[in-house]
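Student: I have a model open and want to learn how to read it. Where do we begin?

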Amino acid sequence: MTKIEITGGVPLQGEVWISGAKNAVLPILVGSLLGDAPSRISNVPHLQDVTTTMELLGRMGAELSMHDSMQIEIDPRGMNHYEAPYDLVKTMRASILVLGPLVARYGRARVSLPGGCAIGSRPVDLHLHGLQALGAKVEVRNGNIEARADRLKGARVIMETVTVTGTENILMAATLAQGTTIIENAAQEPEVVDLANFLISMGARIEGAGSNTITVEGVDNMHGTDYSVLPDRIETGTYLVGCAMTGGNVRCTHTSPGHLDAVLDKLSEAGAEISIGEDWIEMDMRGRRPRSVDITTAPYPAFPTDMQAQFTALNSIADGTGVITETVFENRFMHVQELQRLGADIRLKGNTAIVQGVSRLTGAPIMATDLRASASLVLAGLVADGVTTVDRVYHIDRGYENIEEKLSALGARIRRTDSAAG
Ligand code: EPU
């Protein structure tokens with residue numbers, strides 16, 4: 001069983017190159033199915049979720065080739081199978097993103113209904129209502145979502161809750177619908193904007209991405225394109241929290257500072273000195289212990305739920321008491337019990353974690369439960385006395401490219417181990 005072993009106590013120092021954004025590249029790879037010709041996507045991160053997406057598209061008949069280490073070409077012309085089966089959907093919920101493009105471009109889709117998940121129930125009802133509003137016939141049968149349509153028709157789609165992949169699914173479906181679609185209460189995340197820009201480069205007509213109302217003027221067909229994926233704001237934030245926790249000095253390069261306002265505000269409040277340029281962020285803690293910060297997660301541009309676990313880890317060793325309120329997912333505190341194994345003082349009350357900072361954590365074997373939880377455990381290991389071993393690291397490989405190499409380059413004592421005994 002592969003584990004990550006960390007010996008804590010070294011301040012992070014140096015430069016780290018930020019990879020392309022996981023939550024942008026997944027919808028973009030899938031969105032390429034809408035075209036009549038191949039698309040080339042660059043700045044693609046090496047992640048398990050990207051491999052899963054490639055397998056999914058390949059099984060449907062798309063031809064995929066890797067051009068250099070960070071570019072993938074997708075040729076959708078051989079598409080002949082319009083299904084996302086359970087064995088892939090259960091490992092990656094984002095597989096649901098094929099629903100919109102398949103129905104819009106190929107008139108039908110069968111996608112296994114995602115089940116529960118470690119961070120909450122995560123229903124997909126709004127994806128289905130949106131597609132129905134565009135005229136698709138949608139049924140759930142034998143654990144599968146089955147959707148059909150001759151040609152989708154533009155409509156007004158009001159999202160009851162802000163949903164990132166829900167907005168992306170309807171956005172992709174609307175590009176080839178007949179007439180105008182207006183998506184209200186749309187997600188404003190930078191990854192939604194990146195997908196919209198990608199679709200526009202394929203010939204889609206989209207306005208308002210990045211605001212809460214997106215208007216799509218359907219077109220008859222779309223072509224291939226060349227597109228570079230935006231940098232990962234959550235990966236950036238994760239390394240910056242590591243810097244804050246260890247009292248270090250880190251420069252993140254090839255990133256997009258403008259997408260991290262809420263996170264950078266909280267890091268400044270925690271005592272970090274931050275300078276930014278067009279595509280870099282430098283943070284210096286000058287060896288100081290961070291101060292506790294209160295966090296409330298909410299859709300963009302508010303504080304991201306995908307940074308909540310990392311800030312829980314930061315508050316664990318900060319000076320003071322920090323209150324963390326999770327409003328996006330109902331069960332996203334699985335990291336708390338593991339942090340407690342390292343000596344963190346955290347009380348959970350419903351969707352709130354009250355974290356009383358302790359002056360030191362002590363290394364222990366701990367278990368990753370989901371992607372961002374596992375990142376928070378690695379960060380805690382960087383400051384814990386002695387050795388911390390994180391089990392089930394496949395969670396972290398879904399969303400962090402070469403995390404132990406990047407952290408080693410910043411001076412951390414971290415390595416991957418393989419033991420037959422699990
Ligand atoms: N929701 C519904 N009905 C729906 C869809 C969503 O009730 O049909 C609810 C969810 O249960 C949740 C809230 O709406 O309470 C928001 O969920 P959302 O749909 O926005 O989440 P998502 O699209 O499934 C994406 C990211 C997540 C990220 C969330 C929130 C991708 C592939 N995933 O998920 O990323 O946490 O948005 O920002 O884009 C991660 O990277 O670790 C991760 C989990």
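Tutor: Begin with exposure. Buried means under 20% relative accessible area, exposed means over 50%, and partly exposed lies in between (1.4 Å probe, protein chains only). Arg-416 is partly exposed, with a relative accessible area of 31%. Two notes before we go on. This is a predicted model: local features need pLDDT of at least 70, side-chain atom pairs count only at pLDDT 80 or more, and totals for chains, interfaces and linings use all residues. Residues are numbered from 1 along each chain as its sequence is written, and side-chain values use heavy atoms, with hydrogens and water left out.

Student: How many salt bridges does the structure hold?

Tutor: First the general idea. Side chains of opposite charge can pair when their charged atoms come close. Here, a salt bridge is a side-chain nitrogen of Lys or Arg within 4 Å of a carboxyl oxygen of Asp or Glu. The structure holds 27 of them. One of these joins Arg-415 to Glu-5, with the closest N and O atoms 3.2 Å apart.

Student: Which parts does that pair tie together?

Tutor: Helices (H or I, at least four residues) and strands (E, at least two) are DSSP runs, numbered from the N terminus. Arg-415 sits in strand E24 (residues 413–418) and Glu-5 in strand E1 (residues 2–7), so the bridge ties together parts 410 residues apart in sequence. Arg-415 is partly exposed, at 46% relative accessible area.

Student: What does Arg-416 meet in a salt bridge?

Tutor: Its partner is Asp-397, at 2.8 Å from N to O. Arg-416 lies in strand E24 and Asp-397 in helix H13 (residues 394–397), so this pair ties together parts 19 residues apart in sequence. Asp-397 is partly exposed, at 24% relative accessible area. Salt bridges that share partners also form a network of Glu-83, Arg-110, Glu-139, Arg-141 and Glu-146.

Student: Asp-75 and Arg-77 form a salt bridge too. Which is buried and which is exposed?

Tutor: Asp-75 counts as buried, at 15% relative accessibility. Arg-77 is exposed, at 57%. Their closest N and O atoms are 2.8 Å apart.

Student: How many residues of H1 are buried?

Tutor: Nine of its ten, so H1 is mostly covered. Among the buried ones are Lys-22, Pro-27 and Gly-31.

Student: Last, the ligand. How many residues surround it?

Tutor: Count residues with a heavy atom within 4 Å. Here 21 residues surround the ligand, and the closest are Thr-163, Thr-165, Asp-306, Val-328 and Arg-372. Helix H5 (125–133) is among the helices that each supply at least two shell residues. H5 gives the largest share, three residues.

Student: Which polar side-chain atoms lie by oxygen atoms of the ligand?

Tutor: Polar contacts are pairs of N or O atoms within 3.5 Å. A polar side-chain atom of Thr-163 lies 2.6 Å from a ligand oxygen atom. For Asp-306 the distance is 2.6 Å, and for Lys-22 it is 3.2 Å.

Methods
Polar contact = N/O pair within 3.5 Å; in protein donor to acceptor, adjacent residues only side chain to side chain.
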